[in-house]
Amino acid sequence: MAMATDPHPCFFYGSLMEPKVLNSVTRPGPEANLYTVRASIEGFIRYPYHDEPYPGMIASTEKSHKVEGLLVFGHTMMDRFRLDQFEGSEYTREVLQVKVLDPVPGAYNVQGQSMPLTAGDIVSAYVYVFTGPHEHLDRTKEWDFDAFQREHVAIWMQTSPDFALE
């Protein structure tokens, strides 16, 4: 029996941009039909969470700020439930406007149409916005995905109880 696909793609801007982390959280089955593209959201900025390898994204006072990440189409409602549990109480899932930076085949455009998306199109997407106390973020520097991949992924995958065993 096929699982219902969520009506919105999800924009990831932190640790969930790493496929190992995302797949461990959502545990997609062999029937999964996911499609990932680069995307960005304007008017936000991401900072490292103090003493943790992941970021929080908050609205910026400067509308020119933007955060680049990944937009993933095709998650099921169960995937979304697992993502909500993973994100915890300091992140709120909101529907925001995200700019697609790569083309998306029409088969993945689940927002009421089957037209392909082109680079520059704007779509509504689920985004986990940091809504915890801002003092929990290190606002002296922006979060660095490359550093996260180099310095934290392997250890985090082995030690965090949030991840399914592979």
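This text walks through the fold of one protein and then its salt bridges.

The model is predicted: local features need pLDDT of at least 70, side-chain atom pairs count only at pLDDT 80 or more, and totals for chains, interfaces and linings use all residues. Residues are numbered from 1 along each chain as its sequence is written, and side-chain values use heavy atoms, with hydrogens and water left out.

Start with the fold. The protein has four helices and seven strands. Both kinds of element are DSSP runs, numbered from the N terminus: helices are H or I runs of at least four residues, and strands are E runs of at least two. Now follow the chain from the N terminus. The order is β-α-β-β-β-β-α-β-β-α-α.

Accessible areas come from the Shrake-Rupley method with a 1.4 Å probe, and for residues only the protein chains shown count as cover. The accessible surface of the protein is about 9,000 Å². Carbon and sulfur atoms hold 52% of that surface. A residue is buried under 20% relative accessible area, exposed over 50%, and partly exposed in between (1.4 Å probe, protein chains only). The protein has 166 residues, and 46% of them count as buried.

Now come the charged pairs. Side chains of opposite charge can pair when their charged atoms come close. A salt bridge here is a side-chain nitrogen of Lys or Arg within 4 Å of a carboxyl oxygen of Asp or Glu. By this rule there are six salt bridges.

One of them joins Arg38 and Asp102, with the closest N and O atoms 3.0 Å apart. This pair links distant parts of the chain, 64 residues apart. Arg38 sits in strand 2 (residues 35-42). Asp102 lies in the loop between strand 6 (91-100) and strand 7 (122-130). Arg38 is partly exposed at 42% relative accessible area. Asp102 is also partly exposed, at 21%.

Another salt bridge pairs Asp138 with Lys141, with the closest N and O atoms 3.9 Å apart. Is Asp138 buried or exposed? Asp138 is buried, with a relative accessible area of 14%.

Glu151 is partly exposed at 47% relative accessibility. Arg150 is exposed, at 61%.
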